[in-house]
Amino acid sequence: MNLGCGLVVYWNDAALTRRRLPVRFWPGPFMSIEKAKLLFEKYVTSSELKLHCKEVSTIMKFLAKDFGEDAEKWEICGLLHDLDFDFEKRPAEHGKKTAEILKQNGYPADIVYAILSHNEDNLGVKRKSKMDFALSAADNVSGLIYAYALLRKSIEGIEPAKIRKRMKEKAFAAAVSREKISDIEKAGISLDKFIEVSIKAMQSIAKEIGF
Ligand SMILES: [Fe+2]
């Protein structure tokens with residue numbers, strides 16, 4: 001129920017408790033990328049992180065479309081996955097504040113879980129669903145593709161085989177986890193297809209990411 005003055009009241013099904021949330025952020029039954037962007041702009045301040053999140057969200061959207069999943073949900077998951085990165089300085093805690101914010105704003109449990117599981121190494125939240133594996137793989141492959149595109153000064157015409165080759169060179173974009181990229185196969189998605197879709201996704205936002 002919209003009470004005006006930017007606040008909305010809704011009832012928790014289970015407890016029938018009333019909670020007041022800013023209507024601008026609450027996704028409600030009509031979760032949308034537009035509302036997610038408002039939350040994103042509130043918490044993500046650094047330009048590098050903005051670009052990274054844009055890349056991951058676009059890869060997630062393309063993947064979901066290719067694999068018959070909910071494209072808007074996956075895009076939102078990618079956009080918001082590093083929501084606390086600019087202010088949570090403890091890597092071991094990364095994701096926890098994001099989860100809190102998303103829960104307070106009514107985001108669905110599967111998005112919150114995927115985001116926690118992208119820091120499985122520290123939080124111990126195991127990746128289980130397709131969306132979990134896709135987020136973790138997209139988080140990493142975006143760095144690899146970006147580094148390779150920088151090297152050749154263009155993101156156009158990148159062949160998936162070249163990215164596969166760079167995956168074998170440990171010194172290249174060393175911070176990128178090859179294991180987390182390869183784990184996309186645990187979601188039933190072939191690594192070759194994943195890389196191909198990820199390249200196309202990043203090419204679609206070439207100008208926005210500086211190419
Ligand atoms: Fe990330």
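**Notebook: helix packing in a predicted model**

I began with burial: buried residues make up 37% of the 211 residues in the protein chain. I used these cut-offs: a residue is buried if 20 or more other C-beta atoms lie within 10 Å of its own, exposed if 12 or fewer, and partly exposed in between, with C-beta atoms placed from the backbone.

I noted that the model is predicted, so local features need pLDDT of at least 70 and side-chain atom pairs count only at pLDDT 80 or more, while totals for chains, interfaces and linings use all residues. Residues are numbered from 1 along each chain as its sequence is written.

**Entry: layout**

I listed ten helices and two strands in the protein chain. Helices (H or I, at least four residues) and strands (E, at least two) are DSSP runs, numbered from the N terminus. Along the sequence I read the pattern β-β-α-α-α-α-α-α-α-α-α-α.

I then looked up contacts, where two residues are in contact if their C-beta atoms, placed from the backbone, lie within 7 Å. Among contacts between residues at least 6 apart in sequence, 56% join residues at least 24 apart.

**Entry: the core**

I looked for nonpolar cores, each a set of buried Ala, Val, Leu, Ile, Met, Phe, Trp, Tyr and Cys residues joined through C-beta atoms within 7 Å. The largest nonpolar core has 49 residues, and Met 60, Cys 77, Leu 80, Ala 134 and Ile 145 have the most contacts inside it. At least two residues of this core come from each of α1, α2, α3, α4, α5, α7 and α10 (191–204). I found that α7 gives the largest share of this core, eleven residues.

I followed up Ile 145. Leaving out residues up to four places away in sequence, Ile 145 touches Ile 158, Ile 163, Ser 198, Ile 199 and Met 202.

**Entry: α3 and α5**

I checked α3 next and found it mostly covered, with eight of its ten residues buried. The buried residues of α3 are Lys 73, Trp 74, Glu 75, Ile 76, Cys 77, Gly 78, Leu 79 and Leu 80. Their cover includes α1 (33–43), α2 (47–66), α4, α5 and α7.

For α5, I listed Ile 111, Val 112, Ala 114, Ile 115, Leu 116 and Ser 117 as buried. The cover over these residues of α5 includes α3 (71–80), α4, α6 (120–123) and α7.

Two packed helices are described by the angle between their axes and the distance between the axes. Axes here are lines fitted to C-alpha atoms, for helices over the stretch in contact, and angles run from 0 to 180 degrees between N-to-C directions.

I looked up α2 and α7: their axes come within 9 Å and cross at roughly 120°. α2 and α7 are therefore oblique to each other; angles under 35 degrees count as roughly parallel, over 145 as roughly antiparallel, 65 to 115 as roughly perpendicular and the rest as oblique. From α2, the contact is made by His 52, Glu 55, Val 56, Ile 59, Met 60 and Leu 63, and from α7 by Ala 134, Leu 135, Ala 138, Asp 139, Ser 142 and Tyr 146. By class I have eight nonpolar, two polar and two charged residues in the contact of α2 with α7. For these classes, Ala, Val, Leu, Ile, Met, Phe, Trp, Tyr, Cys and Pro count as nonpolar, Asp, Glu, Lys and Arg as charged, and the others, Gly among them, as polar.

I then took α5 and α7, which pack at an angle of about 40° with their axes 9 Å apart. α5 and α7 are therefore oblique to each other. Asp 110, Tyr 113, Ala 114 and Ser 117 of α5 meet Met 131, Asp 132, Leu 135 and Ser 136 of α7. I have four nonpolar, two polar and two charged residues in the contact of α5 with α7.

**Entry: loop residues**

Most residues other than glycine have a negative phi. I noted Lys 153, which is not a glycine but has a positive phi of about 60°. Lys 153 is in the loop between α7 (130–152) and α8 (160–168) and is exposed, with 7 other C-beta atoms within 10 Å.

I also noted Ala 173, whose phi is positive, near 45°. Ala 173 lies in the loop between α8 and α9 (178–182) and is partly exposed, with 19 other C-beta atoms within 10 Å.

Last, I looked up Asn 105, in the loop between α4 (96–104) and α5 (109–117). Asn 105 is buried, with 20 other C-beta atoms within 10 Å. Its C-alpha atom is separated by 9.2 Å from that of Leu 39, 66 residues apart along the chain.
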